[in-house]
Amino acid sequence: TAYRRQRQMCIRDSNGSFYIFGGDTEILDIFGDVDGVGVATIWRVDIAPAGSLQAEPLEIALPEHAKGSNTWAGATATNLGEGQILVAGGSPWMAAVGDEVLYEAFVFDAREETVGPVFELRVGRTAHQAVTFSNGDIALIGGIKQGGSAAQVVELYRSDSGESEVGDSHAAYMPAAASLGAGGILVLSLIHISEPTRLLSI
């Protein structure tokens, strides 16, 4: 049996450690059949002075979401500063894309290596992008919403209050996105290449 892991979230915290959240695996058995399972683990990866990698799973698991499991895949992981990492959206595992989209997020504390409580997002999505602005706010953009169509709503997470607001955007299926400064975001996707526009009230 062979295992392949995908759709995990990887991010480097302010102390230099890398954290890998969830994902899902394809399991290819001896008959060539493929099955998939979600992953509920968090791994920490450090680079030793000699350049070798040191990886180990944390003792804590990902939190349980409203779909009844604690497997998260296809989400985004974004630095909030001071060791805080926002993990947002996704789906329980690969086969659930567009069918079991998550409407939730949580904050991981890399300093204490603890997971905060799950809270609701206004828009459920997976295979999306997250863009951080200079004031610490995070925009969740595009992706796949419940039912499998491209999300046309952007959700702005306010890092200082933990609250969010939404605004309309172009449909962006599995996009790439980058901040242009002054509230502008460039979005590239299979469906649409956006003009630089001002987002909400940033």
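Author: **A buried glutamate and its surroundings**

Glutamate 155 is buried but forms no salt bridge, and the nearest side chain of opposite charge, that of arginine 125, is 4.7 Å away. The model discussed here is a predicted one.

Glutamate 155 belongs to strand β15, which covers residues 153-157. A polar atom of the side chain of glutamate 155 lies 2.9 Å from the backbone nitrogen of arginine 122. Apart from neighbours within four places in sequence, the residues in contact with glutamate 155 include Leu121, Arg122, Val123 and Arg125. Also among them are Ile138, Ala139 and Leu140, as well as Ser164, Glu165 and Val166.

Asparagine 135 counts as partly exposed because its relative accessibility is 44%. Its side chain reaches the backbone nitrogen of aspartate 137 at 3.0 Å. Asparagine 135 and serine 159 are 24 residues apart in sequence, while their C-alpha atoms are 8.4 Å apart in space.

As for the whole, the chain has 19 strands and zero helices. It comprises 202 residues, of which 45% count as buried. Of the contacts between residues at least 6 apart in sequence, 44% join residues at least 24 apart. The accessible surface of the chain is about 10100 Å², and carbon and sulfur atoms account for 51% of that area.

Terms used
Residues are numbered from 1 along each chain as its sequence is written. This is a predicted model: local features need pLDDT of at least 70, side-chain atom pairs count only at pLDDT 80 or more; totals for chains, interfaces and linings use all residues. Side-chain values use heavy atoms; hydrogens and water are left out. Helices (H or I, at least four residues) and strands (E, at least two) are DSSP runs, numbered from the N terminus. Buried means under 20% relative accessible area, exposed over 50%, partly exposed in between (1.4 Å probe, protein chains only). Contact means heavy atoms within 4.5 Å. Accessible areas come from the Shrake-Rupley method with a 1.4 Å probe; for residues, only the protein chains shown count as cover. A polar contact is a pair of N or O atoms within 3.5 Å; within protein, one must be able to donate a hydrogen and the other to accept it, and residues adjacent in sequence count only if both atoms are side-chain atoms. Lys and Arg count as positive and Asp and Glu as negative; His and the chain ends are not counted. A salt bridge is a side-chain nitrogen of Lys or Arg within 4 Å of a carboxyl oxygen of Asp or Glu.
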